[in-house]
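Here is a short briefing to read alongside the structure. Have the viewer open, and step through the topics one at a time.

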Amino acid sequence: MATIMMVIMIGLLLLGFPMMVPLIAGAIVGFVMMFDGFGQMGTFIQQMMAGIRPASLIAVPMFILAADIMTRGQSADRLINMVMSFIGHVKGGLAISTAASCTLFGAVSGSTQATVVAVGSPLRPKMLKAGYSDSFTLALIVNSSDIAFLIPPSIGFIIYGVISETSIAELFIAGIGPGLLILLMFSIYCLIYAHLNKLPTEDKSTWGQRAVAVREALWPLFFPVIIVGGIYGGIFSPTEAAAVCVLYAFLLEFVVFKSLKFPDIYRISKSTGLITAVVFILVAVGTSFSWIISFAQIPQSLLDSIGISEMGPVGVMIAISVAFFVACMFVDPIVVILVLTPIFAPAIEATGLDPVLVGVLITLQVAIGSATPPFGCDIFTAIAIFKRPYWEVVRGTPPFIVMLLTAAGLIMAFPQIALFLRDLAFR
């Protein structure tokens with residue numbers, strides 16, 4: 001049964017169908033084979049509805065809406081200008097500013113695709129003008145957007161938290177350390193790259209110009225304060241934080257900055273609705289798919305065949321990292337989290353691994369895979385936004401992938417990179 005399901009899914013993917021179609025087809029075929037017909041399809045629908053029933057999922061469209069409002073408004077530009085005013089004059093400062101801006105916008109939006117658009121659109125022309133190659137520039141933007149998957153709020157953490165019943169608040173704060181580690185590694189690489197290629201620096205901003213940039217970025221900087229401070233101060237839950245972010249983004253762009261007009265609400269709402277619909281369809285069908293393979297005991301057979309029961313905690317973490325990294329090279333990240341998390345759940349529980357640490361590793365590997373050839377989704381986002389050929393987008397990615405995988409190895413070797421802030425806040 002598992003072989004037939006995979007053949008159908010891979011075949012439909014190769015034929016060019018969007019991810020939801022192969023997933024639905026594979027799940028239905030598996031269900032029909034398991035129950036000898038369509039007579040029990042009501043159970044299949046019940047599992048789909050159960051997948052999108054958790055209240056925590058309300059945070060997903062809220063964060064998408066807030067990110068959409070800020071991307072179309074001035075928040076992203078103000079954050080970028082502030083970062084540039086402080087480090088733009090350093091050798092490689094423009095590239096470092098790009099990575100730092102992705103981190104800051106990730107703390108506002110939680111979406112890798114939104115970060116590619118919001119940061120890449122204004123900074124890519126500046127980097128090209130400064131002499132950076134387009135392949136390096138595109139790779140930096142695409143891979144730096146991965147940091148948005150780790151810095152709270154992260155849509156990946158929300159999905160994983162719902163599926164694994166892990167505290168989303170703990171996942172959010174555990175992602176900060178790894179996100180900053182990756183930013184540091186990228187910044188060092190940008191510095192070396194700029195020196196080796198003898199790239200020029202930007203004019204140094206005066207302290208007066210920096211003060212103006214900080215003042216202009218002050219309002220957008222309150223987004224992470226609202227999210228992190230509100231959640232860990234016990235003021236509201238992650239879901240409530242998402243709703244507050246939407247209200248704050250609306251007031252900021254429509255009232256304070258006046259960068260958007262009320263007719264823009266329709267376009268923003270339509271865009272958010274379309275993205276949310278796709279996400280929730282994937283979640284619903286992914287839940288049914290996971291239920292089918294779990295009911296058929298496919299995960300147990302698969303894990304027994306690779307001997308995961310004999311592996312210790314480190315072996316299980318390596319197996320999880322490899323599985324999620326490879327899967328996201330071909331399949332949408334949300335689907336991978338939905339399908340693979342239940343498969344590895346018994347091994348995680350048996351080895352006593354901290355589910356928050358596992359969540360950070362899974363989300364990091366998902367983010368890496370999303371920017372890795374051949375079919376990483378962020379690659380195609382960059383192709384669509386920047387109108388560049390596939391090879392040019394992926395040519396500069398290997399050094400970044402090596403750094404990201406190194407970061408994953410460091411987290412496995414030193415779990416406190418992820419767990420220190422979590423333990424400080426919740427233990």
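**Ala345 and its setting**

Ala345 counts as partly exposed, because its relative accessibility is 35%, a value that falls between the under 20% of buried residues and the over 50% of exposed ones. Please keep in mind that this is a predicted model.

**Position of Ala345**

- Ala345 sits in helix α17, which covers residues 333–351.
- Along the chain, Ala345 and Ala59 are 286 residues apart, and 24 Å separates their C-alpha atoms.

**Packing of α8 and α11**

- For helix α8 (residues 134–144) and helix α11 (residues 176–196), the angle is about 170° and the axes are 12 Å apart.
- Angles over 145 degrees count as roughly antiparallel, and α8 and α11 are therefore roughly antiparallel to each other.
- On the α8 side, the contact is made by Phe136, Leu140, Asn143 and Ser144.
- Their partners in α11 are Phe186, Tyr189, Cys190 and Tyr193.
- By residue class, this contact of α8 with α11 has six nonpolar residues, two polar ones and no charged ones.

**Ser187, also in α11**

- Helix α11 also holds Ser187.
- Is Ser187 buried or exposed? Ser187 counts as buried, because its relative accessibility is 15%, and the cut-off for buried is under 20%.
- A polar atom of the Ser187 side chain lies 2.8 Å from the backbone oxygen of Leu183.

**Loop residues with positive phi**

- Glu165 is found in the loop between α9 (155–164) and α10 (168–174).
- The phi of Glu165 is near 60°, which is positive even though the residue is not a glycine.
- With a relative accessibility of 77%, Glu165 counts as exposed.
- Lys258 belongs to another loop, the one between α13 (238–256) and α14 (264–295).
- What is the phi of Lys258? Its value is about 55°, again positive in a residue that is not a glycine.
- Lys258 has a relative accessible area of 58% and is therefore exposed, the cut-off for exposed being over 50%.

How values were computed: Residues are numbered from 1 along each chain as its sequence is written. This is a predicted model: local features need pLDDT of at least 70, side-chain atom pairs count only at pLDDT 80 or more; totals for chains, interfaces and linings use all residues. Side-chain values use heavy atoms; hydrogens and water are left out. Axes are lines fitted to C-alpha atoms, for helices over the stretch in contact, and angles run from 0 to 180 degrees between N-to-C directions. Helices (H or I, at least four residues) and strands (E, at least two) are DSSP runs, numbered from the N terminus. Angles under 35 degrees count as roughly parallel, over 145 as roughly antiparallel, 65 to 115 as roughly perpendicular and the rest as oblique. Contact means heavy atoms within 4.5 Å. Ala, Val, Leu, Ile, Met, Phe, Trp, Tyr, Cys and Pro count as nonpolar, Asp, Glu, Lys and Arg as charged, and the others, Gly among them, as polar. Buried means under 20% relative accessible area, exposed over 50%, partly exposed in between (1.4 Å probe, protein chains only). A polar contact is a pair of N or O atoms within 3.5 Å; within protein, one must be able to donate a hydrogen and the other to accept it, and residues adjacent in sequence count only if both atoms are side-chain atoms.
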